[in-house]
Amino acid sequence: MKFYIKKLITLIITLLFVSFITFFAFQVIPGDSAVAKLGMDATEEQLFELRESMGLNDPMFVRYGRFLKNAITGDFGTSTQYNVSVGSLISERLPVTAWLAALSVLFMVVISLPLGLLCARKENGFLDRFLTFLSQTFMAVPPFFLGIIITLIFGIVLKWFIPGKFIPISQDFGGFLSYMVFPAFAVSIPKVAMLTKFLKTSLLRELSFDYVRTARSKGLKKKQIMTKHVLKNALIPVITFFGMLIADALAGSIVVEQVFNLPGMGRMLVTAIANRDFSVVSAAVLYIAGIVIIINFIVDMTYQKVDPRVRIS
Amino acid sequence: MNKKPDLLSIQDLSISFGERKKKEVVHKISFSVKQGEILGVVGESGSGKSVTALSVLRLLAEGGEITNGCIWFDGMDLTKLSESEMVKIRGDEISMVFQEPMTSLNPVLTVGVQVEEMLLLHSKKTSEERKTAVYEMMREVGLKNPELIYSKYPHQLSGGMRQRIMIALAMICKPRLLIADEPTTALDVTIQAKILALLKELNQKHGTTILFISHDLTVVRNLCDRLIVLYDGQIVESGESRDIFQNPKEDYTKKLLAAAEIVHDSSLGRASITSSVSDAILEIKDLKVYYTESGKRIFQKKQRKEVVKGISLEVMQGESVGIVGESGCGKSTLAKAITGLISDIEGEILRKEQKPQMVFQDPYGSLNPSKRIGWLLEEPLKLQKGLSKQEREQRVEEILQKVNLPTEFKNRFPRDLSGGQRQRIAIARAMILHPKFVVLDEPVSALDVTVQAQVLELLKNLKQEFKLTYLFISHDMGVIHSMCDRVCVMYQGEIVERGRTEDVFQNPTHDYTKQLLSSVPK
């Protein structure tokens, strides 16, 4: 119980901090919504009036307080760029990003787990060396570049999908997913490479411990030792790393959405920053921060589940 | 017993290690174990005894290989069996108990699950029957409340309980041969005696044949019917264990016996102590030491637990005072308080001169593995200003010679050294500042008995040369007896008995002291 309350308080404090940083960043960078809306040719008078009506002339802390009050009630205001409520804007785009991230995480687990096990079981075998080589290569490739390569190979050469096309969820869920698979690969492949390597190292380290010898003396087969005894131990450090990778995958999806022309949070965020659309940016950043923190919370919980030694008494 | 047939028979067994350059560690040894007997295999570390034991189950570590000979078990040559055939024998016909029960158990599985797994592998029992069998086995190895213990993790149990779990695990399938590789070395002396008794009991009750491996002759003395003494991968002596103890034929066996006696004997090296005794170097008055446990519930305060409950103690210049007691009695906590490593204390600690130096139990864990020996030894000197680089290096070389190590060792890493050498380094580090007073916390407990004797000799020599005062902490009565002028027996945070070592050993008054003395293997 104590643990959950602690975590909840941390969550609130972090969100507050993030919101302030976002707000403050917008004060520092040149230009504001008024300039973005009226264009560079607007006169000072026009700008002043618009700012007055938007409340941009109030002192910073007053504006921050107002923003915070509205945010708590779930009202992030109106996008200056589209003139629609930020809430509806986000509810349209969040699912796209969420699915992209979820698919990437799924790929990360499903691919790296068996690969890591395989590499550890046949250390220095042909497959291990080949995969080590591959993972060194893929680790170094940024997701957006991978996105371009995937578009080139699967979209243009093999024609498995039409580059730039997007099927909304509401129209055809299956079609939506099939178009998400490629960007998800672009996001997850570098992470898969890292996870595989990390898991393999962790497994090999565990294999040198005494309890593995005990397991062998019990009459367990090598495969059983790996899955029943070693894997759970080896996952302990991997889980922490995995949590960091998930946050990283979210950040990666922002760029990849650009490459694949997906109408997700990432693309919205980039255009909103360019247009100084503060309401949209702050809402998006808070959402993403919230998701990252919640994922970290889940990681902490899993960690405890796996390692009884850190369990709270 | 001699008429019984052989259960295990090893013929001309050789074992090599290394991938390119093979090094033979066991050279054509032959011996056999009869049905129902307990055979002891004795030798110091590196003698090949553990390797031989592991080879029976074909569990040699990476790079290890049986290069010659046969291992006959029940009409089968184990060296010729395939891995899948071996899997059926491991755990079911032959099982094994290892030295360190903490690391030998999987830390993330409950001990119950780990014991039950044996039945899952080797029997067709239902889940219900398996549980009942596990509870029964746990009771048999002396664990009360098996239902409760079933769902505990290894780190939640004491060392003795963990070793009982290991034995339960090894015995639950009623194997015909149990290989016990130093099963009591990591345990306190009182618990050691109980585990030995348990093994004997299981041997008599189930007729389980036991191959018992140890470096400690005193441990095998009462337990084993026959003994084999291994040295450098060869059998130097074998026979009835009574005969070997009474008439050791080979020099090496004599040496082993003598080493065991140094550790358990008192007459050596305590001369010229009383003469140099003058005034107190350390005075402790009514010392209480606490450590804090965080509260279990959210609004509960942190709890201060009293570990040392009001101890008064004086240590005179030039004497050796022993503190003896089993693990958990607060002796290490006391040592840490004296050296200033714990600050949550009540009462008075009056130290004359500087803070005492300390030598810790685990010579590997207490040396930074990524630094060279020279750096480790030099570090305390760096904190003292006014010494040039050359002076420091000279001091390092000087101290290495004092602890009988070659000066080239300063370029090595702790991992390149054996346990005994590492402990010499730990001692050198404590001595390099020329302290008057040294606190030694179980300095030889992790070492082989022959190495133990050497390190104790070294400590005695250093004491005379530098006119040192020792506070010597140990769970081993034998070690205390050979090192200390006075002894304090600690039990649950209090000193229950104190006096001259000789007097306490000959006329113990407190029950706990008597218990400690009676569990020393003789």
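## A pair of neighbouring strands

In this predicted model, B:V97 has B:A180 as its bridge partner in β7(B).

## The whole sheet

Let's step back to see where these strands sit. Strands of a sheet pair through backbone hydrogen bonds, in either a parallel or an antiparallel way. In chain B, six strands form an open sheet with mixed pairing, and their order is β6-β7-β8-β3-β9-β10.

Which strands are at the edges? They are β6 (94–97) and β10 (234–240) of chain B, each of which pairs on one side only. From one strand to the next, the twist averages 15°.

## Where chain B touches chain A

Now for the meeting of the two chains. Chain B gives 26 residues to the contact and chain A gives 22 residues. On the side of chain B that touches chain A, at least two residues come from each of α2 (83–89), β6, α3 (101–104) and α4 (111–122) of chain B.

Which element supplies the largest share of that side? It is α4(B), with four residues. By type, the residues on this side of chain B divide into 12 nonpolar, seven polar and seven charged.

Note on methods. Residues are numbered from 1 along each chain as its sequence is written. Chains are lettered from A and ligands numbered from 1 in the order in which they are written. This is a predicted model: local features need pLDDT of at least 70, side-chain atom pairs count only at pLDDT 80 or more; totals for chains, interfaces and linings use all residues. Two strands pair if DSSP finds at least two bridges between them. Axes are lines fitted to C-alpha atoms, for helices over the stretch in contact, and angles run from 0 to 180 degrees between N-to-C directions. Two residues are in contact if their C-beta atoms, placed from the backbone, lie within 7 Å. Ala, Val, Leu, Ile, Met, Phe, Trp, Tyr, Cys and Pro count as nonpolar, Asp, Glu, Lys and Arg as charged, and the others, Gly among them, as polar.
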